[in-house]
Amino acid sequence: MALTRKQWNNVIIVACVFMVAVLTFMDNKTNNVPSDAQLLFDDNAPLSQLQLNGMWLHKQASQWECDTTVLNCDEWAKAWKTIRVSPLTAAPETTDNPQELVIQIADIRDAQLWIYFPNEGALKSPAGNWYLVPPSLRAKLQPILDAKPAA
């Protein structure tokens, strides 16, 4: 069955509209940080040390040091230092495995044990409060341990 020129034009127009819709949806879900997202760490309570499932990050003077297996130390440190979260009113449904997140704030002696669900971007504080990390910030919160692409 051959298509006429008018039918081909209609197919192209529908395909273009579909692609614009898909790209707009992806942009809205990945690049925007919600307006209610707040910095988790600021100048009054800066991050000084972090441990995520055994991988550690520590601030020495003006630079960050990481576990020897972490390949993206500076990017990983910057991602955690500037992380933004949105408070949640109820606990989210989580399906992935939780990661232990030990956070040390400068000038506070006791470390805090948080629970992080990387796929959903959910963070549970020691007080039991839940926070959501925007999708656009989640990937950088995981350390790169291997230069090979995931299979």
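## Disulfide and cysteines

The count comes to one disulfide in this predicted model, where a disulfide is a pair of cysteine sulfur atoms within 2.5 Å. The bond links Cys 66 and Cys 73, whose sulfur atoms are 2.1 Å apart. The link of Cys 66 and Cys 73 is right-handed, with 85 degrees about the S-S bond.

Cys 66 is buried at a relative accessible area of 12%, and Cys 73 is buried at 14%. Cys 16, at 45%, is partly exposed. Here buried means under 20% relative accessible area, exposed over 50%, and partly exposed in between, with a 1.4 Å probe and protein chains only.

## Basis of the values

Residues are numbered from 1 along each chain as its sequence is written, and side-chain values use heavy atoms, with hydrogens and water left out. Because the model is predicted, local features need pLDDT of at least 70 and side-chain atom pairs count only at pLDDT 80 or more, whereas totals for chains, interfaces and linings use all residues.

## Nonpolar core

The largest nonpolar core holds 25 residues, of which Leu 50, Trp 76, Trp 80 and Leu 123 touch the most other members. Such a core is a set of buried Ala, Val, Leu, Ile, Met, Phe, Trp, Tyr and Cys residues joined through side-chain atoms within 4.5 Å. At least two residues of this core come from each of β2 (47-52), β3 (55-60), β4 (63-66), α2 (73-81), β6 (99-105) and β7 (112-117). The largest share, five residues, is supplied by α2. Helices (H or I, at least four residues) and strands (E, at least two) are DSSP runs, numbered from the N terminus.

Beyond residues up to four places away in sequence, Leu 50 touches Met 55, Trp 56, Leu 57, Trp 76, Trp 80, Leu 101, Val 102 and Ile 103. Contact means heavy atoms within 4.5 Å.

## Strand pairing around β2

Strand β2 runs antiparallel to β6, joined by five bridges, and antiparallel to β3, joined by four bridges. Two strands pair if DSSP finds at least two bridges between them. Leu 47 has Ile 105 of β6 as its bridge partner, while Leu 52 is bridged to Met 55 of β3. A hairpin is formed by β2 and β3 with two residues between them, and Asn 53 in the turn has a positive phi of about 50 degrees.

## Two glutamines

Gln 104 is placed in strand β6 and is buried, with a relative accessibility of 17%. A polar atom of the Gln 104 side chain lies 2.3 Å from the backbone oxygen of Ile 108. Leaving out residues up to four places away in sequence, Gln 104 touches Pro 46, Leu 47, Ser 48, Gln 49, Arg 109, Asp 110 and Ala 111.

Gln 142 is found in the segment after α3 (135-138) and is partly exposed at 24% relative accessibility. Apart from neighbours within four places in sequence, Gln 142 is in contact with Leu 52, Asn 72, Trp 76, Gln 99, Tyr 116 and Pro 118. The side chains of Gln 142 and Gln 99 are joined by a polar contact of 3.1 Å. A polar contact is a pair of N or O atoms within 3.5 Å; within protein, one must be able to donate a hydrogen and the other to accept it, and residues adjacent in sequence count only if both atoms are side-chain atoms.

## Annotated segment

An unreviewed UniProt entry places the feature "transmembrane region" at residues 7-26. Over residues 7-26 the chain is 100% helix and 0% strand, with the end C-alpha atoms 29 Å apart.

Key. UniProt positions renumbered as here; feature names shortened; annotations may be inferred.
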